[in-house]
Amino acid sequence: MATVFLVMATARVYAHKQPIPLRVFEDRAEADGWRDKLIDYHINPPEQPTGDSDEAWVDYHDQLKTWRAGHPAGAVAADYQHFGVYECPLGL
């Protein structure tokens, strides 16, 4: 039976967000590579300011908006914390 590899985004339980399918691959190594790219991107968001400066927070929100827009899986995936690869049989 043929299989595909589905890359999914999942959120923390308390976030109350449903998992979302992101992309399907025929090759496990390609799926793993893309998942790793998502994780690498996700762990390097803009750094939050440490002070109370309104200007610093406005700048941070601008950087965050740009970071979200450039997410490899799209801005909606930037709100998720986990990315996984699931093997799915075809033709059931």
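**The core and its surroundings**

Modeller: Keep in mind that this is a predicted model. Start with contact order. Among contacts between residues at least 6 apart in sequence, 59% join residues at least 24 apart. The chain holds 2 helices and 3 strands. Their order along the sequence is β-β-α-α-β.

Now the core itself. The largest nonpolar core has 13 residues, and V7 and A31 touch the most other members.

Take V7. Leaving out residues up to four places away in sequence, V7 touches I20, P21, L22, R23 and F25, among others. The list for V7 also includes A31, W34, R35 and L38. G84 and V85 are on that list too.

Next comes M8, a residue of strand β1. M8 has 15% relative accessibility, so it counts as buried. With residues up to four places away in sequence set aside, M8 touches P19, I20, P21 and L22, and also H82, F83, G84 and Y86. M8 and C88 lie 80 residues apart in sequence, yet their C-alpha atoms are 12 Å apart in space.

Then look at a loop. H71 sits between α2 (54-69) and β3. Its relative accessibility is 4%, and H71 therefore counts as buried. Beyond its neighbours within four places in sequence, H71 is in contact with L38, Y41, A77, A78 and F83. Two of these names have come up already. L38 is also touched by V7, and F83 is also touched by M8.

Step back to the whole chain. Buried residues make up 28% of its 92 residues. The radius of gyration is 16 Å, whereas a compact globule of 92 residues would have one near 12 Å. Along the principal axes, the C-alpha trace spans about 60 × 25 × 15 Å.

Finally, the surface and the charges. The chain exposes about 6300 Å², and carbon and sulfur atoms supply 53% of that area. There are 8 positive and 14 negative side chains. The centres of these two sets lie 6 Å apart.

Terms used
Residues numbered from 1 in each chain as written. Predicted model: local features only at pLDDT ≥ 70, side-chain atom pairs only at ≥ 80, totals over all residues. Heavy atoms only, no water. Helix = DSSP H or I, 4+ residues; strand = E, 2+ residues; numbered from the N terminus. Rg over C-alpha atoms; globule rule 2.2 N^0.38 Å. Buried < 20%, exposed > 50% of the residue type's maximum accessible area, 1.4 Å probe, protein only. Contact = heavy atoms within 4.5 Å. Areas by Shrake-Rupley, 256 points an atom, 1.4 Å probe, with all protein chains shown as cover. Lys, Arg positive; Asp, Glu negative; His and termini not counted. Charge placed at Lys NZ, Arg CZ, Asp CG, Glu CD. Core = buried A, V, L, I, M, F, W, Y, C linked by side-chain atoms within 4.5 Å.
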